[in-house]
Amino acid sequence: MEKYRLVEERKADRNTSGTDTAAVSHSPCDDGANSGSSQNTTEDPRDRDSSASTNEIRITQQGKPRNYITYAMGLFTDHGADRIVLKAMGRAVNKAVTIAEIIKRKTPLHQITSINSCELVDVFEPLEEGLDRVESRRYVSCMTILLSKSPLDQNHIGYQPPLPLEEMQKSKSVKAESASIKADSTSLKATAK
């Protein structure tokens, strides 16, 4: 494809007339949030993020897991969020699963996972005259992970209950407290002998 350049990438939504709508820029599936949009140009990702829910985290392949985890924990602790949504597509899906598992080991959370696929359309314009515009269609896996402090629908097929407390990571203060309790109990045993 040396004679073409990528000019647009969009999610292929079908409206009643059968034409493609709803442009995207390497972001997770919106579960129909853009289905009525009549845009045919690539959106600015900053505009897209402002319309996203404040408790929604879109995982990308380039982002560092540490940053996503810190942001998610900040939403739970500093902003008082009861639930957050992790969204990923394509090669970022495995990173989203890893991030969700790490977050679940820091605080007890209920989880609902849903998987689907999105059809993406890549539009290429020719660099040389005489060539036609080319559209390429492909399907990409999409994952949405809902993490919540409050109980969720246990009958949902993607539901996972919170982890048992013994599988959770202890924070530094809890570790220090349990170490001091352990030291106190050892000293009591030593004085009892």
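Is Lys87 buried or exposed at 7% relative accessibility? Lys87 counts as buried, with a relative accessibility of 7%, where buried means under 20% relative accessible area, exposed means over 50%, and partly exposed lies in between (1.4 Å probe, protein chains only).

This is a predicted model, in which local features need pLDDT of at least 70 and side-chain atom pairs count only at pLDDT 80 or more, while totals for chains, interfaces and linings use all residues. Residues are numbered from 1 along each chain as its sequence is written, and side-chain values use heavy atoms, with hydrogens and water left out.

**Charged pairs**

The structure holds twelve salt bridges, a salt bridge being a side-chain nitrogen of Lys or Arg within 4 Å of a carboxyl oxygen of Asp or Glu. Side chains of opposite charge can pair when their charged atoms come close. Three of these pairs are listed here.

| Salt bridge | N to O distance |
|---|---|
| Arg10 and Glu135 | 3.4 Å |
| Glu56 and Arg58 | 2.6 Å |
| Lys87 and Glu56 | 3.7 Å |

Helices (H or I, at least four residues) and strands (E, at least two) are DSSP runs, numbered from the N terminus. Glu56 is buried, with a relative accessible area of 16%, and Arg58 also counts as buried, at 16% relative accessibility.

Arg10 and Glu135 meet in a salt bridge. Arg10 lies in strand S1 (residues 4–14) and Glu135 in strand S6 (residues 134–148), so this pair ties together parts that are 125 residues apart in sequence. Arg10 is buried, with a relative accessible area of 6%, whereas Glu135 counts as partly exposed, at 44% relative accessibility. Both residues belong to a network of salt bridges that links Arg5, Glu8, Arg10, Glu125, Arg133 and Glu135.

**Paired strands**

Strands S4 and S6 run antiparallel and are joined by seven bridges, two strands being counted as paired if DSSP finds at least two bridges between them.

**Nonpolar cores**

A nonpolar core is a set of buried Ala, Val, Leu, Ile, Met, Phe, Trp, Tyr and Cys residues joined through side-chain atoms within 4.5 Å. The largest such core has 22 residues, of which Ile57, Ile59, Ile84, Leu86, Ile103 and Leu147 touch the most other members. Helix H2 (65–77), S4, helix H3 (93–106) and S6 each supply at least two residues of this core, and the largest share, six residues, comes from H2. Leaving aside neighbours within four places in sequence, Ile84 is in contact (heavy atoms within 4.5 Å) with residues including Ile57, Ala72, Ile103 and Leu147. A second, separate core of five residues includes Met89, Cys118, Leu120 and Cys142.

**Helix H3**

H3 has 14 residues and reaches 21 Å from its first C-alpha to its last, close to the 20 Å expected at 1.5 Å a residue, the expected span being 1.5 Å times one less than the number of residues. The buried residues of H3 are Val93, Lys95, Ala96, Ile99, Ala100, Ile103 and Lys104. What covers them includes H2, S4, strand S5 (110–126), S6 and strand S7 (159–160).
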